[in-house]
Amino acid sequence: MISIVIPVYNAEKYIENCVKRIIAQKDIEFELILIDDGSKDNSLKICQEIAKQDNRIQVYKQSNMGVSEARNHGIRKSKGDYIYFMDADDFLVENALKIITECLQKEEIDLFMFDYKKIRSEKEIENNISIQELHKENRETTLEKMVVGNVGGFVWNKIYKRTIIEENDLIFDTKLNICEDLDFNIRYIMLCHKIASIDAKLYMYYQSNDSSYNKKDNMKWFSIKELIPKIESYETNTEISKKVIENLKYEMLYSSCLAIAKNNANSIKYDDIEVFRQYIKNNEKTIWKSQFIAVSKKIKLFLFIAFPNIVYNQKKRRV
């Protein structure tokens with residue numbers, strides 16, 4: 001059985017569609033765990049009404065503690081052999097759970113990954129997807145695909161074995177309000193022995209215009225500084241390649257530039273902004289010399305370091 005965990009926060013516009021597409025999946029054993037994270041809209045009421053119609057749905061509520069604690073809450077309540085995390089504003093294609101279940105039944109898998117599609121309307125949904133060839137992966141290639149490739153550090157295109165999470169006391173870091181999924185995935189992958197993937201686009205990632213890039217004075221975003229010591233600790237792990245480390249450093253440098261630009265634009269100032277300036281100073285030379293970072297990405301980073309406000313404003317206009 002798969003335990004599907006969905007944190008819900010002010011998602012009244014999306015959550016019903018997300019849930020209905022899950023319960024419409026045929027002949028699949030699953031439990032759906034909805035964690036309301038202190039929503040201020042009608043999200044909790046909508047979840048409770050839907051749960052009355054299907055005994056596979058469980059609804060729990062907590063005070064607003066963030067997506068990491070909501071997922072941790074879901075882990076504690078889960079009973080399935082596998083755990084799957086979704087976002088409340090996205091959804092699965094109509095036969096996704098059947099494809100996932102059939103792949104998991106073929107052999108013992110610690111981590112299962114699949115593709116996704118970014119959409120802005122339901123007209124772009126891809127259905128009638130057939131079962132794809134199962135690709136076997138190892139830790140090194142999986143980390144590279146996640147950090148360097150297009151797999152991404154998301155949790156919603158991956159299926160996790162509950163015993164690995166429980167036996168290793170693996171939880172989402174509640175200090176992180178951004179990139180908490182990337183951090184969780186790196187720690188989880190290091191515990192895996194059997195990893196597999198398919199190329200099918202089973203998850204529809206809804207792109208909203210309400211982007212975090214445009215949210216002013218969102219101080220939770222600066223929690224990304226908690227990733228700095230984590231990335232530094234990865235350097236001592238011989239199982240994580242230099243290519244992965246240097247690409248993680250690149251992303252952290254880029255995020256540091258973004259932090260500085262966001263802070264300049266905010267009316268409320270972040271009091272530890274020097275952490276990001278120091279990280280840039282300490283690591284930019286490593287990236288300039290890296291053989292694993294494309295020249296185009298180096299130029300992009302150089303421009304952001306030199307002109308953070310200009311680059312940030314251009315990014316906001318494109319979102």
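**Close-up views of a helix pair and a pocket**

**View 1. Helix α9 passes α11 in a left-handed crossing.** The model is a predicted one, in which local features need pLDDT of at least 70 and side-chain atom pairs count only at pLDDT 80 or more, while totals for chains, interfaces and linings use all residues. Residues are numbered from 1 along each chain as its sequence is written, and side-chain values use heavy atoms, without hydrogens and water. A crossing is left-handed if the near helix is turned anticlockwise from the far one by less than a right angle. Helix α9 covers residues 242-265 and helix α11 residues 295-306; helices are DSSP runs of H or I with at least four residues, and strands are runs of E with at least two, numbered from the N terminus. The two pack at an angle of about 25°, with axes 9 Å apart. They are therefore roughly parallel to each other (angles under 35 degrees).

**View 2. Residues in the contact of α9 with α11.** From α9 come Asn247, Tyr250, Glu251, Leu253, Tyr254, Cys257, Leu258 and Ala261. From α11 come Lys297, Lys300, Leu301, Phe304 and Ile305. Contact means heavy atoms within 4.5 Å.

**View 3. The second largest pocket and its lining.** A pocket is an open set of points on a 1 Å grid over the protein atoms alone, where a 1.4 Å probe fits, with protein on both sides within 12 Å along at least five of seven lines; lining residues have an atom within 4 Å of a point. Of the 14 lining residues, Asp115, Asn150, Val151, Ile198 and Asp199 lie nearest the centre. β6 gives the largest share, four residues.

Technical notes: Axes fitted to C-alpha atoms, helices over the stretch in contact; angles between N-to-C directions. Parallel < 35°, antiparallel > 145°, perpendicular 65-115°, else oblique.
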